[in-house]
Amino acid sequence: MPPTPPLAGWTVVSLRPQNRHDSLRRAAAGYGARVFAASPFRLRATGDAAGLDAALACPIRIASSPEAVRFAAALRPLRGRWWAIGRGTARALQAAGAERIEIAEPETADGLLALPSLQRLHGRAVALVTAPDGRGLMERELPARGARLQVAHVYVREPLDLAPARRQALAALGARSALLVSSQAAFTQFWRQLDARAQSAWRRRPCIASSARLLHYLRQQGFRRLAQAENTHAPAMLAALTACIGKDRTRSRP
């Protein structure tokens, strides 16, 4: 008899943008879990070719996400040297024609800012290809290091509200449900739509953060069953949830 998948009977709530849940669904199926899509945003191209051209003229060019790469690549070839926050972004850059890519480790904005090549930036032109409110840490920290920052907003996140029927379905999820959080902006947009009773219920359930920064933020929001994933990728988030549930079971044993 095959073993029971570790998350059989569980539902994970995805806060990824609209129509961006497929990779999580595939990974969750392997764990035996189902995905409840609660997209707080939809993504829309800005078409800002002029801003992207200015960014591509910089010797240091940072892509904040695979989405940023895809929207930028729809406007211009992305050849040459790039810096990427994670392997998913690096793969997208390679597909778009980039030849040399430095990858953050860990795969976060903090990890990228720790790279030796981004420490001494006095007077250097640095481009950030992203969306508004996407990687605020880098937009603050790079100029603080002396960089002449050129930001290209190649897409925007448009807020989405859950339909009433979707909110009812979310409220009907039982105790075997968990929240996956890889973006503070996405969490905030989702969280403001819940009433006090719903927020209280979710604070008692497992919540997985993709970084130490998010973990600290969620703890401040009152979550206690928290765990940190190694990165934002679906397998890492689900592995962290599996470990979190396992620890809860161990604590509950007499």
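How many bridges join strand S11 and S12, and in which sense do they pair? The legends below start with the whole chain and come to that pair in the second view.

**View 1. The whole chain, a predicted model.** Local features here need pLDDT of at least 70, side-chain atom pairs count only at pLDDT 80 or more, and totals for chains, interfaces and linings use all residues. Residues are numbered from 1 along each chain as its sequence is written, and side-chain values use heavy atoms, with hydrogens and water left out. The protein chain has eleven helices and twelve strands; these are DSSP runs numbered from the N terminus (helices: H or I, at least four residues; strands: E, at least two). For 254 residues, a compact globule would have a radius of gyration near 18 Å, and the 19 Å of the protein chain agrees with that. The radius is taken over C-alpha atoms, and the globule rule is 2.2 Å times the number of residues to the power 0.38. Along its principal axes, the C-alpha trace spans about 60 × 40 × 40 Å. Some 48% of the 254 residues count as buried (buried is under 20% relative accessible area, exposed over 50%, partly exposed in between, with a 1.4 Å probe and protein chains only).

**View 2. An open sheet of five strands.** The order is S2-S1-S10-S11-S12, with parallel pairing. Strands S2 (34-37) and S12 (226-228) sit at the edges with a single partner strand each, so one side of each has no neighbour in the sheet. Direction ignored, neighbouring strands are turned by 25° against each other on average; the axes are lines fitted to C-alpha atoms, for helices over the stretch in contact, and angles run from 0 to 180 degrees between N-to-C directions. Back to the opening question: S11 (residues 207-209) and S12 pair in the parallel sense over three bridges. Two strands count as paired if DSSP finds at least two bridges between them. In this pair, Cys207 stands opposite Leu226 of S12.

**View 3. The largest nonpolar core, with 25 residues.** A nonpolar core here is a set of buried Ala, Val, Leu, Ile, Met, Phe, Trp, Tyr and Cys residues joined through side-chain atoms within 4.5 Å. Val69, Leu78, Trp82, Leu93, Val129, Val154 and Tyr155 touch the most other members. Helix H2 (49-56), helix H3 (66-73), strand S5 (80-84), helix H4 (87-95) and strand S7 (125-130) each give two or more residues, and H3 gives the most, with four. Zoom in on Val69: leaving aside neighbours within four places in sequence, Val69 is in contact (heavy atoms within 4.5 Å) with Ala63, Leu78, Thr89, Ala92, Leu93 and Ala96.

**View 4. Helix H4 and what covers it.** Gly88, Thr89, Ala90, Ala92 and Leu93 are the buried residues of H4. Their cover includes strand S4 (60-63), H3, S5 and strand S6 (98-103). After H4 comes Gly97, with a positive phi near 110°.

View 5. Asn19 lies in the loop between strand S1 (11-14) and helix H1 (22-31). Asn19 isn't a glycine, yet its phi is positive, about 65°, and with a relative accessible area of 63% it is exposed. In the loop between S6 and H5 you'll find Pro106, joined to Glu105 by a cis peptide bond with omega about 5°. Arg120 is in the loop between helix H5 (109-113) and S7 and counts as exposed at 71% relative accessibility.
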